[in-house]
Amino acid sequence: MEAYYKSKRTSDRIKTSLSYGVLTIIAVIFIFPFIWMLSTAFKIPSEAYTLPPKIIPNTFTWDNFVQGWQYADFTRYTWNTLIVTVLATLGTVLSASFVAYGFARFKSRYSGVLFTVVLATMMLPSQVTLVPTYLLFTKLGWLDTLKPLIIPSFFGGGAFNIFLLRQFFKTIPKDLDEAAYIDGANAFQIYYKILMPAIKPALITVGLMSVTFHWNDYMSPLIYLNSDQNFTLAIGLQFFQNSFGSSQIQMLMAVSLITVIPVLILFFIGQKYFVQGITMTGIKG
């Protein structure tokens, strides 16, 4: 019996070691591009192209950040990206929570069908709706403006966000609603005074995902924006690369590093709520 337990402990240790080993290798593979970007951002031009590449530069320089930022109008690109990210995130959180509240608290004959249709939209590739959406924005005169990147967020907020928030709403007892009704509150007051504060982790999760998506979005600005003055950071970086190719890779990496720092800081600040929001999603179906 003792030999059996000893063999089982040895087997468990081997499995644990293998799991940590595989996870470590995967983590290194995923983080290596970021490490290379961080390293190249501080290198002088002659060191940026050495083979094999050096992770730690012999000579550190901050000039790449200053010169790279001045090579294009990145201040304007940052301002445009900030406007799009803040307004689109606000629209996503408000509209998704409002729709999710309706699906979680109000029942009708077609609620199940409508919710299924909403979930089914997640299966549609974005390329399927690209042409009709482009034609619609052309008719509205929104091309080469920031409107196509902001206004659609105020109409539903995305099927996944609706699903996530609906699951959170369903974890809150309806007794709270009934007590509020007895005290004279209406449905809208219950929504924003009682339920919205109760689902704060889910709202922060949706907000973080929306900020990350809109800050890094490349495809939508590429399709709808033409003027340099309306470019976002993702398009600005592509513009920089097209202008200088790989001859100024150290400056490109320096500017890229600047653009990812706000998202990283925001993620680490809200990481606790993000994990909590994801793990509590499936408590009640």
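Start with α1 and α14, whose crossing is left-handed (the near helix is turned anticlockwise from the far one by less than a right angle; clockwise would be right-handed). This is a predicted model, in which local features need pLDDT of at least 70, side-chain atom pairs count only at pLDDT 80 or more, and totals for chains, interfaces and linings use all residues. Residues are numbered from 1 along each chain as its sequence is written, and side-chain values use heavy atoms, without hydrogens and water.

**Stop 1: α1 and α14.** Select residues 2–41 for α1 and residues 249–269 for α14. Helices are DSSP runs (H or I, at least four residues), numbered from the N terminus. The two axes come within 8 Å and cross at roughly 120 degrees. Axes are lines fitted to C-alpha atoms over the stretch in contact, and angles run from 0 to 180 degrees between N-to-C directions. α1 and α14 are therefore oblique to each other (under 35 degrees is roughly parallel, over 145 roughly antiparallel, 65 to 115 roughly perpendicular, the rest oblique).

Now show the side chains. On α1, pick Phe-34, Trp-36, Met-37, Leu-38, Thr-40 and Ala-41. They meet α14 residues including Ile-249, Met-253, Leu-257 and Leu-264. Contact means heavy atoms within 4.5 Å. By class, this contact has 11 nonpolar, three polar and no charged residues (Ala, Val, Leu, Ile, Met, Phe, Trp, Tyr, Cys and Pro are nonpolar; Asp, Glu, Lys and Arg charged; the others, Gly among them, polar).

**Stop 2: α4 and α8.** Select residues 74–105 for α4 and residues 159–170 for α8. They pack at about 50 degrees, with axes 8 Å apart. That makes α4 and α8 oblique. Their crossing is right-handed. Among the α4 residues in contact are Thr-92, Tyr-101, Phe-103 and Arg-105. Their α8 partners include Asn-161, Leu-165, Arg-166 and Phe-169. The contact divides into nine nonpolar, three polar and three charged residues.

Stay on α8 and pick Gln-167. Is Gln-167 buried or exposed? Gln-167 is buried, at 5% relative accessible area (buried is under 20%, exposed over 50%, partly exposed in between; 1.4 Å probe, protein chains only). The Gln-167 side chain makes a polar contact with the side chain of Arg-166, at 2.8 Å (N or O atoms within 3.5 Å, one able to donate a hydrogen and the other to accept it; residues adjacent in sequence count only if both atoms are side-chain atoms).

**Stop 3: α10 and α11.** Select residues 187–198 and residues 200–216. The angle is about 75 degrees, with axes 5 Å apart. α10 and α11 are therefore roughly perpendicular. Met-196, Pro-197 and Ala-198 meet Lys-200, Pro-201 and Leu-203. Five residues here are nonpolar, none polar and one charged.

Conventions: Helix = DSSP H or I, 4+ residues; strand = E, 2+ residues; numbered from the N terminus.
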